[in-house]
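Reader: Could you walk me through some sheets and a helix pair, and show me how to read them?

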Amino acid sequence: MALDGIRMPDGCYADGTWELKMHVTDLHRDVSLRVTGEIHIGGIMLKLVEKLDVKKDWSDHALWWEKKKTWLLKTHWTLDKYGIQADARLLFTPQHKLLRLQLPNMKHMKVKVNFSDRVFKAVSDICKTFNIRHPEELSLLRKPRDPKKKKKKLEEAEEDDLELEGPLLTPGSASEVIYIGPVKGSIYSSPGLYSKTMTPTYDSRDGSPLSPTTAWFGDSPLSEGNPSILAVSQPISSPDILVKLYKPQSLLDKAKINQGWLDSSRSLMEQDVKENEVLLLRFKYHSFFDLNPKYDAIRVNQLYEQSKWAILLEEIECTEEEMMMFAALQYHINKLSIMSSDNHLNNSEKEVDEVDAALSDLEITLEGGKTLTCLPLSVIYFSRPKKLTLKGYKQYWCTFKDITISCYKSKEEAHGTPALQMNLRGCEVTPDVNISGQKFNIKLLIPVADGMNEIWLRCDMEKQYAHWMAACRLASKGKTMADSSYNLEVQNILSFLKMQHMNPDPQFIEPITTDINPECLVSPRYLKKYKNKQPGSIRDLISARILEAHQNVAQMSLIEAKMRFIQAWQSLPEFGITHFLAKFQGGKREELIGITYNRLIRMDAGTGDAIKTWRFSNMKQWNVNWEIKMVTVEFADEPSLSFICAEVDCKVVHEFIGGYIFLSTRAKDQNESLDEEMFYKLTSGWV
């Protein structure tokens, strides 16, 4: 036997070589190679392919180190540099693998995703495939498990929901996509051209403008298949679907759902995601930049779908009037979606002329230039009670200037010293409105050194409420009524209130038809509430309310109705709050930490009431002690905040804070490319 074939007790051979064990996943074969620590990864793969002697394209394959959960992608690195020794077992496996994605519309797709890319990059590629702009707002989430259901029954329910109708396979693409859902013929005659500048493109044959959706689908794999399928809302076919899906019963349940967010700075394989596993593609950050119906047909529809399911599954609270408004909008969108599918064209949408759009933008800009010193003097009410009663209200003459409310005992004293002044920067603004009861209240939680002061404003009428509410919202962000967004905010609030009005004239209300299916439009909570109402069947009672509310939205186009639904969702008090269970430094029990696009909120775990709020704009820095899993946030003029996350890795919370700060740096005048390194710098931490 040759000298180099003599094996030593330590596993190495006399010539310094040793055996490296590898498993080729495609062939289900184990292969051993004689190597030294000085051989680089590229050389290892070359030797392996030569030894296999199988004619196959191996270009997508790479080595995966199971024990360390890491890809060996730096092919110029040696085994010694990676720290690989004879006890290591490597997998030679494709980087692109099939993943089953559940989109916001609850439909499933099989997509080939790069399992070696960081999740942030993988999501960007997925969104490019699906033609969804601003992929930084989305991420991947593990499917929540309902603790009340047995595992076997849950898997059966998933399969029932998954196996719909035949697949759509797009051939000849680097990124293979299979759609599992109803498939109809494409409504577009030409795949169009990809528009990186968002300039409308034109059909090369007849010079007519292409649909904005088509224009954005040019180099997407779906362009040869059916791009319209993701832009069209499909009605819920059966109430049984709602019954099967997981519904969080409490704030703690909502916090547990957020445990499932994947780490954006690590790959799928590093996080134990398996091939063909089901992951949820969702809008993670509730800060929607440049949402333009002209270019975002798919993004708007998927955002509408996510908001629709959030309301139906009671992930966010709303009043009965708001629920009927949401139901009416759903009913209207369903009708128009069916009509547009039948006609193969979305006739309800009107193309916006670029000149008109530019003039509209200019008009908003010019209006924002005027300076408002205060709102017209109005009589409102305020109180600072622990228990809110009518006796707790006091009548004051109030003015609103800049970001400060000044309260006087009478109109005559308005030029003197106010009885009370409130600076609204950093406050929590919550609506308390009941249209039918003519109640228009605004709840303010104003930060003070030891917590929050609770102030209630009571307005007399809708218009007054809209102006005060808009001013309060802007003031909480440090903006005044001179800001260009003030008039738009007032109009949005008035539109939101108008949609909740019930039509008093029955002659304009549609007759109840079988296609309304209220069980698919209203959340289970309100279905139960109507069971106790007499006389009449539950179905007819709810249908009548929905049709009544429908009169306020019946003239809207399809895209306008979706945008209004999204805006109404954004107007709900609980919108955009992501909950996590945490224990604060100095606290005796677990509480909730809520994270939104601009602030952190300390919340009571039982009631969800805000205890203290901290604005990101007042934040100096935040750090994580990775050993004890403690997050510390330092502020400019407040004591620092420290908390330990319960039942979730503090990395998830750290990423939410950094992610929102990253999103706040976006500007319309920058190019469309993302600064990935800046995102990782703000979110990955020193892991």
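Author: We'll take strands and sheets to begin with, then helix packing.

Author: A word on the ground rules: this is a predicted model, where local features need pLDDT of at least 70 and side-chain atom pairs count only at pLDDT 80 or more, while totals for chains, interfaces and linings use all residues. Residues are numbered from 1 along each chain as its sequence is written, and side-chain values use heavy atoms, with hydrogens and water left out.

Reader: Which strands make up the five-stranded open sheet, and in what order?

Author: Strands (E, at least two residues) and helices (H or I, at least four) are DSSP runs numbered from the N terminus, and two strands pair if DSSP finds at least two bridges between them. Here the order is β2-β1-β5-β3-β4, with mixed pairing. At the edges sit β2 and β4 (70–72), each pairing on one side only. From one strand to the next, the twist averages 35°; angles run from 0 to 180 degrees between N-to-C directions, and axes are lines fitted to C-alpha atoms, for helices over the stretch in contact.

Reader: How many bridges join β1 to β2, and how many join β1 to β5?

Author: β1 (residues 18–24) runs antiparallel to β2 (residues 29–35), with seven bridges, and K21 faces S32 there. With β5 (residues 89–94), β1 runs parallel over four bridges, and M22 sits opposite L90. The β1–β2 hairpin has four residues between its strands, and H28 takes a positive phi near 55°.

Reader: Is β1 enclosed or open?

Author: Buried means under 20% relative accessible area, exposed over 50%, and partly exposed in between, using a 1.4 Å probe and protein chains only. Five of the seven residues of β1 are buried, so the strand is largely enclosed by the rest of the structure. Helix α1 (residues 41–52) lies across β1, β2, β3, β4 and β5, at about 125° to β2.

Reader: What about β14, and which strands does β14 pair with?

Author: β14 (residues 404–408) has four of its five residues buried, so β14 too is largely enclosed by the rest of the structure. Five bridges join β14 to β13 (residues 394–401) in antiparallel fashion, with K401 partnering T404. Their hairpin has two residues between the strands, and D402 takes a positive phi near 55°. β14 also pairs antiparallel with β15 (residues 420–423) over four bridges, where I405 partners M422.

Reader: Why do β22 and β23 each have a side without a neighbour in the seven-stranded sheet?

Author: The order is β22-β21-β20-β19-β25-β24-β23, an open sheet with antiparallel pairing. β22 (610–615) and β23 (619–625) are at the edges with a single partner strand each, so one side of each lacks a neighbour in the sheet. Neighbouring strands are turned by 30° on average, direction ignored.

Reader: And how do α11 and α12 cross?

Author: The axes of α11 (residues 462–476) and α12 (residues 486–498) come within 9 Å and cross at roughly 130°. That makes α11 oblique to α12; angles under 35 degrees count as roughly parallel, over 145 as roughly antiparallel, 65 to 115 as roughly perpendicular and the rest as oblique. Contact means heavy atoms within 4.5 Å, and the residues that meet include Y465 and M469 in α11 and I493 and L497 in α12.
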